[in-house]
Amino acid sequence: MSSYVITIGTIIVIQAIAVCGLNVIVGYAGQISLGHAAFFGIGAYSAAILTTKAGFSFWTALPLVIGMSGFIGLLLGLPSIRVREDFLAITTIGINFIVEAVFRYVQFFGGALGIGGIPRIVLFGIKLKGITFFLLCLGFLIVVLFICWWFTRSWASLACYAIREEETAASTMGISPVRFKLLAFVIGTAMAGLGGSLYAHYMQFISAGDFSFPVSVAFLSMLVLGGMGTLWGPVVGTLILGVLPEVFRPLVDYRIFFYTLLLLLMIRFQPGGILGEGSVVRRILAPILKGGRA
Amino acid sequence: MIQPLLSTKGVSKCFGGLKAVDGVDFDVFPGEILGILGPNGAGKTVLFNLISGIYQPTAGKVYFHNDRIDGLPPHLVARKGIGRTFQIVRPFATLTVLQNLLVARGITRYGHLSKVWGSWGSQSEIKAAMEVLEKVGLTELAHRKAGLLPLGNLRRLEIARALVVGHTLLLLDESFSGLRHEEILHLEALIQKIRGDGRTVILIEHNMRVAMGLCERIVVLDHGQKIAEGPPSIIQQNEQVIEAYLGRKGITYAA
């Protein structure tokens with residue numbers, strides 16, 4: 001594999017981890033978030049600071065990074081989860097801008113210069129780069145997918161689905177909407193933090209612009225394209241939106257045009273996403289999947 | 001004297017200047033079927049929302065097992081053992097009928113974060129849910145998406161979700177409306193059976209025949225106020241009730 005393919009692949013896998021987290025919030029619990037890049041950034045910045053300034057390694061910093069992202073997710077979720085739908089979308093956009101501004105203007109976070117010199121990840125005495133780093137990211141993606149799969153079998157997911165479908169009815173069945181929305185928010189932002197940490201160690205240099213609002217929009221587009229609330233949707237959506245710009249590189253001037261066209265067509269004809277309920281892909285795959293299970 | 005299971009004391013709810021429920025007192029005793037009647041806009045559903053915690057009363061108190069439950073959010077009222085259905089059905093549309101019931105089954109777990117990580121698909125839970133689906137006649141539709149069901153089946157689903165956990169008090173909001181005659185008979189039998197299990201039922205009903213046949217006692221609301229209370233035979237004779245439903249006496253219409 002050429003290093004070009006590995007680079008694209010690594011970025012896709014890292015983004016897929018973050019989009020899986022977004023899927024827990026938007027897909028499973030039905031809470032729209034347009035600020036997911038903020039938590040991707042919180043993970044990246046806390047990993048960068050812990051490893052460059054506090055002398056942690058990637059591995060010792062990781063639990064702190066994930067915990068920090070989830071905890072800030074909880075803090076920012078507390079006020080925003082109490083508003084509904086369109087207001088929640090606007091609140092999360094606001095969170096994204098505030099977090100980005102903090103990274104950009106607070107000297108502790110490197111200000112406009114960002115943070116450089118983030119060390120490579122060392123595993124069994126080997127500095128990971130290229131294919132080995134890609135495999136590490138893939139390993140983390142598999143863990144994240146496993147957690148998502150586990151989550152969808154749990155009572156917690158059932159409570160989240162119920163809130164997504166009918167909040168009032170859910171509450172008369174003993175489900176506290178605030179508690180389970182926050183739970184989804186914490187799990188989702190913690191996953192974004194993991195992705196952000198891998199991103200920081202891969203790029204070795206990060207700056208506030210990497211976590212701006214358009215990144216959140218891209219994450220949400222990937223999720224909508226792949227299929228909200230499905231297990232593999234985030235992976236498929238990230239893969240397509242990650243590969244397409246490379247394939248159509250000659251058409252780079254029209255990239256935004258094709259992006260938008262694709263999304264509009266999806267929303268019009270396949271609102272559930274590529275892997276969503278009743279989608280063309282699912283109908284074609286159904287006999288194969290059934291055959292596989294039997 | 002028997003202790004009431006649920007009682008409201010002067011419970012009121014105002015929406016701006018409108019008094020939707022105005023100082024209503026009533027008691028429900030264990031094991032009875034109480035009907036709440038009244039013309040459209042009398043405040044019947046608002047009263048249910050006040051009991052189940054969806055609305056907070058502007059004034060007055062609600063007691064359940066002698067504990068005050070007014071001011072509690074809906075999920076805590078539900079955990080105390082009060083289940084309800086909605087007049088305008090509220091299914092979890094993209095979940096299957098079976099999953100709709102399993103959501104309700106989780107009521108003992110949702111309060112403890114340590115208990116929500118197990119699988120909802122365990123044999124014992126599915127068995128319990130399927131038993132209730134059989135009671136309401138939805139067995140064949142168990143794996144169908146709830147959003148695809150016609151209204152009659154959605155009303156049964158509403159009842160099944162309330163029945164599937166051991167609630168001591170069930171609030172049924174116009175569960176009979178929009179049902180065919182045979183469905184009504186089936187549901188009447190089901191409610192009798194629920195009461196036979198030692199549960200207490202409060203039902204809001206428009207269908208006079210159903211209410212008169214099923215309820216031991218009836219409370220009649222009009223303009224948010226309680227205008228009558230008693231056994232069906234007395235209610236039928238009550239002048240105020242007849243007036244509320246049919247208009248003032250003495251007005252004659254030309255044939």
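Predicted model: local features only at pLDDT ≥ 70, side-chain atom pairs only at ≥ 80, totals over all residues.
Over all chains, 23 aromatic pairs are present. One of them joins A:Phe133 and A:Tyr202, whose ring centres are 5.1 Å apart; the pair is stacked because the planes meet at 20°, below the limit of 30 degrees. This pair links distant parts of the chain, since A:Phe133 belongs to helix H5 (residues 131-153) of chain A and A:Tyr202 to helix H8 (residues 177-203) of chain A, 69 residues apart. Both A:Phe133 and A:Tyr202 are buried. The rings of A:Phe146 and A:Trp149 have centres 5.6 Å apart and planes at 40°, so this pair is classed as tilted. A:Phe146 and A:Trp149 are three residues apart in helix H5 of chain A, and therefore about one helical turn separates them. A:Phe146 is partly exposed, with a relative accessibility of 47%, and A:Trp149 is likewise partly exposed, at 38%. One aromatic cluster is formed by A:Phe40, A:Tyr45, A:Phe103, A:Phe108, A:Phe109, A:Tyr199, A:Phe211 and A:Phe219.

The largest nonpolar core contains 137 residues, of which A:Ile175, A:Phe180, A:Leu198, A:Ile206, B:Val103, B:Tyr110 and B:Ile191 touch the most other members. The greatest contribution to this core, 13 residues, comes from helix H1 (residues 3-28) of chain A. When neighbours within four places in sequence are set aside, A:Ile175 contacts A:Ala159, A:Ala162, A:Ile163, A:Ala170 and A:Phe180, together with B:His75, B:Val103 and B:Tyr110. Another core, of 27 residues, lies apart from the largest one and includes B:Val24, B:Phe48, B:Ile51 and B:Leu169.

B:Ile191 also belongs to the buried residues of helix H6 of chain B, together with B:Glu183, B:Ile184, B:Leu187, B:Glu188, B:Leu190 and B:Ile194. These residues lie on the same side of H6(B), because they cover an arc of only 165° around the axis. On the other side, B:His181 and B:Gly196 are exposed. The buried residues pack against strands S3 (33-37), S7 (169-173) and S8 (200-204) and helices H4 (123-136), H5 (151-163) and H7 (208-214) of chain B. At 1.5 Å a residue, the 16 residues of H6(B) (residues 181-196) should span 22 Å, which agrees with the 23 Å between the end C-alpha atoms. Just after this helix, B:Gly198 adopts a positive phi of about 90°.

Conventions
Residues numbered from 1 in each chain as written. Chains lettered and ligands numbered in written order. Heavy atoms only, no water. Helix = DSSP H or I, 4+ residues; strand = E, 2+ residues; numbered from the N terminus. Expected span 1.5 Å × (residues − 1). Buried < 20%, exposed > 50% of the residue type's maximum accessible area, 1.4 Å probe, protein only. Arc of directions from axis to C-beta. Contact = heavy atoms within 4.5 Å. Core = buried A, V, L, I, M, F, W, Y, C linked by side-chain atoms within 4.5 Å. Phe/Tyr/Trp six-rings, centres within 6.5 Å; stacked < 30°, edge-to-face > 60°.
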